[in-house]
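User: I am new to this structure and would like to learn how to read its features one at a time. Could you give me the general idea each time, and then the case here?

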Amino acid sequence: MSAVSLLICDDSSLARKQLLRALPAAWPLSIHQAASGREALECIRGGGIDVLLLDLTMPDMDGYEVLAGIRDGQLDCKVIVISADIQEEAVRRVLALGALAFIRKPADPMHLRQTLAGLGLMGSELSMLGEREAGPIVFRDAFSEVVNVAMGRAAALLAKVLGVFVQLPVPNVNILEASELHMALADAAHGDKLTAVCQGYIGGGISGEALLIFHDSEVADMARLMHTDDYRELEMLLDLSSLLISACLSGIAEQIDVVFSLGHPQVLGQHASIDELIRFNRQRWKSTLAVEISYSLEGHDIHFDLLLLFTEDSVELLSRKLAHMMN
C-alpha cells in the first residue's frame, strides 16, 4: 500500500502529540502538522494531502472555516474532526460541512485507528501496534489542552440546559501575579456592573477557586433562557454557576486522575464593580495559575467569564499529573 499523506491540524501541541502517538508506526503514512486552520488550508490547497485530522476551536481560523474552505474550493481531502466541542449541534454542523466522522477529545487511539480503517483510509489488515515518537510538551500547552477538553464538556451540558449553541474560545492559561490578575479581572468586566459567584475546590493536593463573572445587563436574558421567571435572580445565578463550574472541574479531574471536592458557591459583591471585587479578594488572589474561559451564546448578546484560579503550590502537582498523563 502506498503512503497516505495525513495532516494533523490542532493549535495544541499536546493534542498533536496524542494523535501522532495514536497512529501505528507500521502504517505507511507521510505525516504533516499544522498549528492553525489557516496553515492547514494553505497546505491542502498546495495539494498532496489525502486525510486531515481537524480540531474545531482554534485562533485565527477555526475548524468550521477550514471545512467551508475545503468544500468551497472543491479540494480533494477527506476530513475527520477531532474536537473537545461535543455539542450535538457542533457534530451536526461539521458533518453537514463534509467531515466524514467526528471523534471527541481526547481521542481514544483504538477508536481513531478503527475509524480510519472503517472509512477505507487505511487498510484494516495493517498492524495496529507500534507507537510513533513525539516531542516534549511544555506545561502551559499541556494544561491548556486539558482545560480545552473540560471546557467542551461543560459547554455541551450548558447547551442542553439552555437550548442554545455555545461558542467556545481558546482558553487562556497563565501564571499571574496579584497585580496582573487584577488587571485580567478588570479587563473581563469591560467597565460593566457585574455579579461574581465563587466556589472553592480541592483534590489530590490541588486546590483553588473558580470564579464565574456575570454582567448584570445580561442576567435577565439568561433567566429567560433558563425559564426561571418564578426564580429569584440569585438562585438562578447559583444554579448556573454550580452546573458550569462543576462540569468544567470534573472534566479536568477525570483527565489528571483526581477527584475534586467543591465548596458551596458564594456570591461575591452582587451588582458591584470589578474594583470592589478586587478589594474584597486582594489577600486571597496572589500569585496563581489562572485559566480564563469566555463563553458566549450564539444568537444572544450574552457572555460570561469563568476563571479557575489554582494556588501557587498546586502547579508542581499539576505538572507531575500532566507528565504522567502524557507518558
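Analyst: Let us begin with helix packing, where axes are lines fitted to C-alpha atoms, for helices over the stretch in contact, and angles run from 0 to 180 degrees between N-to-C directions. Helices (H or I, at least four residues) and strands (E, at least two) are DSSP runs, numbered from the N terminus. This is a predicted model, in which local features need pLDDT of at least 70 and side-chain atom pairs count only at pLDDT 80 or more, while totals for chains, interfaces and linings use all residues. Residues are numbered from 1 along each chain as its sequence is written, and side-chain values use heavy atoms, with hydrogens and water left out.

User: At what angle do helix α6 and helix α11 pack?

Analyst: Helix α6 (residues 139-162) and helix α11 (residues 314-326) pack at about 80 degrees, their axes being 10 Å apart. Angles under 35 degrees count as roughly parallel, over 145 as roughly antiparallel, 65 to 115 as roughly perpendicular and the rest as oblique, and α6 and α11 are therefore roughly perpendicular to each other.

User: Which residues of α6 and α11 meet?

Analyst: Contact means heavy atoms within 4.5 Å. On the α6 side Phe139, Ala142, Phe143 and Val146 take part, and they meet Val315, Leu318, Ser319, Leu322, Met325 and Met326 of α11.

User: Where in the structure is arginine 153, and is arginine 153 buried or exposed?

Analyst: Burial is read from relative accessible area, with buried meaning under 20%, exposed over 50% and partly exposed in between (1.4 Å probe, protein chains only). Arginine 153 is in helix α6 and counts as buried, at 19% relative accessibility. Leaving aside residues up to four places away in sequence, arginine 153 touches Ala84, Ile86, Arg104, Lys105, Pro106, Gly251 and Glu254.

User: What should I look for in the backbone?

Analyst: Most residues other than glycine have a negative phi, and most peptide bonds are trans. Here a cis peptide bond joins lysine 105 and proline 106, with omega about -15 degrees, and proline 106 is found in the loop between β5 (101-104) and α5 (109-118). Aspartate 60 has a positive phi, near 75 degrees; its place is in the loop between β3 (51-54) and α3 (63-72), and at 52% relative accessibility aspartate 60 counts as exposed.

User: How many disulfides are there?

Analyst: A disulfide is a pair of cysteine sulfur atoms within 2.5 Å, and by this rule the count comes to 0. The sulfur of cysteine 43 is 8.8 Å from the closest cysteine sulfur, in cysteine 77, which is too far for a bond.
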